[in-house]
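User: I would like to go through the labels on this model one by one. For each, tell me the rule and the value behind it.

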Amino acid sequence: MAVLDELTALRAQTLNDIANAATTAELESVRIAVLGKSGSLTGYLRSMGSVAKEERAEVGKAVNAAREAIEGALDEALCTLKTKELDAAIDAAAVDITLPGRSQQIGTRHLINNIIDDLTEIFLGLGYTVGTGPEVETDYYNFTALNAPADHPSRSMQDTFYVKDLSGDVADVDGESDVLLRTQTSGVQVHFMEDQELPIYMIAPGKVYRRDVADPSHLPQFHQIEGLVVDEGITFGDLKGTLEYICKAIFGADRKTRFRAHYFPFTEPSAEVDVSCGICHGEGCRMCKGTGWLEILGCGMVDPNVLEMSGIDPERYSGFAFGMGVERIACLKYNVPDLRMLLEGDMRFLRQF
Ligand code: DAH
């Protein structure tokens with residue numbers, strides 16, 4: 001019977017193709033060509049109806065036998081090829097685990113953040129709360145509410161960057177913007193006095209901006225820590241005792257402090273605080289410019305006018321305030337001669353802290 005011969009040939013050819021397939025994709029094409037919808041063996045199955053009745057059983061048997069043999073061979077070949085391909089993929093992706101690894105550089109907190117954290121810890125220990133205020137501030141909070149109205153000469157010492165409002169217009173009617181990058185954290189005092197319940201014992205660390213060119217002792221952007229206490233019966237003695245304690249906590253118990261009379265518009269009386277030089281211990285050296293002392297902060301008793309502007313009764317409450325430059329304290333603590341070194345990102349410098 002010619003059909004049986006054809007089937008034998010097809011079966012032999014297919015088994016041969018299966019044996020020769022080198023990839024699972026090639027194997028799949030063989031399967032489709034023979035067993036697919038319009039595959040050659042499928043064709044025989046479909047045309048069984050036209051096979052003469054007496055031959056049908058024999059042809060049917062041969063077709064089924066061919067299909068079983070081919071399916072079995074396909075399964076076996078698929079299994080082998082899959083394993084082969086997986087092995088090849090694993091080999092291709094192999095990593096040489098005996099190579100030495102690339103070590104990750106582990107960063108540390110920056111000295112500036114460390115100083116802020118240390119000081120924050122010290123003040124938290126004294127029962128203070130820690131607050132923040134906006135870096136983009138209004139003229140009112142940065143100057144006016146701190147007793148420095150528009151024509152006040154002290155404003156000229158803190159020139160800053162002015163900000164346009166979102167429409168691109170300067171914010172004020174007289175052509176000057178009244179939105180600015182804050183020059184000092186002192187404005188947070190006003191926010192606290194307006195918003196908080198009395199008494200107030202707070203510090204506010206944060207960034208401030210000045211229109212200064214960077215040099216060894218100036219940066220256009222730096223950090224301050226503001227402090228404010230408002231309570232009944234607060235005196236200059238409380239201010240001195242607190243700052244003396246803080247200075248010793250940061251710089252060490254052997255360091256001395258001194259208060260020098262100074263001027264700030266929002267405190268009366270005002271003072272600057274110096275700490276004895278850590279290099280020469282008061283003898284006089286280059287670091288302290290021969291004076292034996294290093295200036296670390298400004299402070300004073302909150303001016304009654306400032307309390308009143310923020311809605312606090314100066315007859316009942318009094319307070320003190322202080323503001324310190326964080327970069328300056330970092331440099332004085334570790335005898336760093338130039339503020340800019342803190343920002344250069346030189347790892348040899350930064351790793352020391
Ligand atoms: N805001 C002042 C400055 O940037 C520093 C300062 C001085 C803050 C006296 C105070 C203070 O709270 O009482 O120069």
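Analyst: By class, the shell around the ligand holds five nonpolar, nine polar and two charged residues. Ala, Val, Leu, Ile, Met, Phe, Trp, Tyr, Cys and Pro count as nonpolar, Asp, Glu, Lys and Arg as charged, and the others, Gly among them, as polar. The model is predicted: local features need pLDDT of at least 70, side-chain atom pairs pLDDT 80 or more, while totals for chains, interfaces and linings use all residues. Residues are numbered from 1 along each chain as its sequence is written, and side-chain values use heavy atoms, without hydrogens and water.

User: Which residues come nearest to the ligand?

Analyst: Q184, S186, R210, Q224 and E226, out of the 16 residues around the ligand. A residue is near a molecule if one of its heavy atoms lies within 4 Å of it.

User: Why is the contact between E232 and R316 called a salt bridge?

Analyst: A salt bridge needs a side-chain nitrogen of Lys or Arg within 4 Å of a carboxyl oxygen of Asp or Glu. The E232 and R316 side chains meet at 3.0 Å, N to O, so the label holds. E232 lies in the loop between β5 and α8 and R316 in the loop between α9 and β9, so the pair ties together parts 84 residues apart in sequence. Helices (H or I, at least four residues) and strands (E, at least two) are DSSP runs, numbered from the N terminus.

User: Is D274 buried or exposed, and how do you know?

Analyst: Buried: its relative accessible area is 3%. Buried means under 20%, exposed over 50%, partly exposed in between (1.4 Å probe, protein chains only). R258, at 31%, counts as partly exposed.

User: What joins D274 to R258?

Analyst: A salt bridge, with the closest N and O atoms 2.8 Å apart. R258 is in strand β6 and D274 in strand β7, 16 residues apart. D274 also meets R260 in a salt bridge, at 2.8 Å, N to O. R258, R260, E272 and D274 are linked in a network of salt bridges.
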